[in-house]
Amino acid sequence: MRIRSERPSHLAIAFSFMIAGVIALSNSGHAQDAYPSKSIRLVVTTAAGGALDFVARTVAERLSESMGQAVVIENLPAGNGSVAAGQFAKATPDGHTIMMVVDSTVTINPHLYRNLQYDAFLDFAPVSVITRVPLVLMGSPNVQANNLRELIAFAKANPGKLNYASTGIGTQLHIGMELFKLMTKTDIVHVPYKGNTAAIADLLGGRVELALFGLSSAKPQVESGRLKAFGITAQQPSPLLPNVPTIEEAGLPNYTVYSWFGMFAPAKTPQSIIDRLAAEVQKASKDPRFAGTLTKQGMQIIASSPKDMLSTMREDSERWRDVIKATGVSINQ
């Protein structure tokens, strides 16, 4: 009498593995499709009401519509974004906590601050540079110069007599002016403020003579004639201020400064989630309503890929490292 073996055949075993693989792939697909499965927390490294906050809220509204979950803004301003970034570095990497920063948080802070609680290249996963903003070099009414060449000549002839305002040490408005001083071989004194409002008030009142500001802040002051505009720090003039030349056209070759606003996820976030977020940003950038909201504020839509964002970070980090080293800028000044 022959006894039938209960062991499965090789064919049965192979078939069972194939079925298990199909189920696993199916479950994986469903898990990916489920993102986001709850509301998304969007950390913003500046106070409410500023340019970054404006971009973040515009992006949050769009993501909420397209991804079917609420996007909740959390403003954490302190230390030029370093406090928020330090906390964000410890966030769960599941795509439900993301961050919007001004570029200086990841390209300037690491060269100025000791003991930062984050490494921008190890703790964050780039998603997209969403917008960038050229700056305007503005002067108070009592500055004894009517164009950039006259301004540079006056500054050279009067070292230490002119002051410039910024919104804080380590900001683009600060390091951008340090680059200007380096390139023009001038001595202009830095006066840091805690925000745009006080800095512009003192610029209007003549208590400081110069400042770099974003286009949206500069436009009403320049158009009203209350402040002078010596040039735009972009490669091309802006349609918002068509009568203001670029700094290069005005007499200082190769001087360009942009401030950009970007989105990050925590390191180790699944690539599928990073790609989904980047794709949503790129899709939004092609929507005239979304793009128009930002370009009206003088912002240029970039909507870069994660790879291009990483390249931008590296290039800018090296550039500002060299400026900081050459000028001796420190957080103690």
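Predicted model: local features only at pLDDT ≥ 70, side-chain atom pairs only at ≥ 80, totals over all residues.
1. Start with F88 and F124. F88 belongs to helix 3, while F124 belongs to strand 4 (residues 124–139), so the pair ties together parts that are 36 residues apart in sequence.

2. Are these two residues buried or exposed? F88 has a relative accessibility of 2%, so F88 counts as buried. F124, at 4% relative accessibility, counts as buried too.

3. F124 has another partner to look at. The rings of F124 and F264 have centres 5.6 Å apart and planes at 50°, so this pair is tilted. Here the link is between distant parts of the chain, with F124 in strand 4 and F264 in strand 9 (residues 258–266), 140 residues apart. Both F124 and F264 are buried.

4. Now step back from the individual pairs. Which residues do the ring pairs link into a cluster? They are F88, Y118, F124 and F264.

5. The charged end of R132 sits over the ring of Y258, at 3.8 Å from the ring centre.

6. In soluble globular proteins, nonpolar side chains tend to be buried together. In this model, the largest nonpolar core has 51 residues, and L137, L148, L151 and F180 are the ones with the most contacts inside it. Another core lies apart from that one; it has 33 residues, including L42, V44, I98 and I130.

7. Leaving aside residues up to four places away in sequence, F180 touches L137, L148, I152, I188, L252 and Y255.

8. Finally, where is L76 placed? L76 is in the loop between strand 2 (71–75) and helix 3 (82–88). Not counting residues up to four places away in sequence, L76 touches R41, V43, V44, T45, T46, A84 and Q87. Take V43 from that list: L76 and V43 are 33 residues apart in sequence, and their C-alpha atoms are 7.0 Å apart in space.

Notes
Residues numbered from 1 in each chain as written. Heavy atoms only, no water. Helix = DSSP H or I, 4+ residues; strand = E, 2+ residues; numbered from the N terminus. Contact = heavy atoms within 4.5 Å. Core = buried A, V, L, I, M, F, W, Y, C linked by side-chain atoms within 4.5 Å. Buried < 20%, exposed > 50% of the residue type's maximum accessible area, 1.4 Å probe, protein only. Phe/Tyr/Trp six-rings, centres within 6.5 Å; stacked < 30°, edge-to-face > 60°. Lys NZ or Arg CZ within 6 Å of the ring centre and 35° of its normal.
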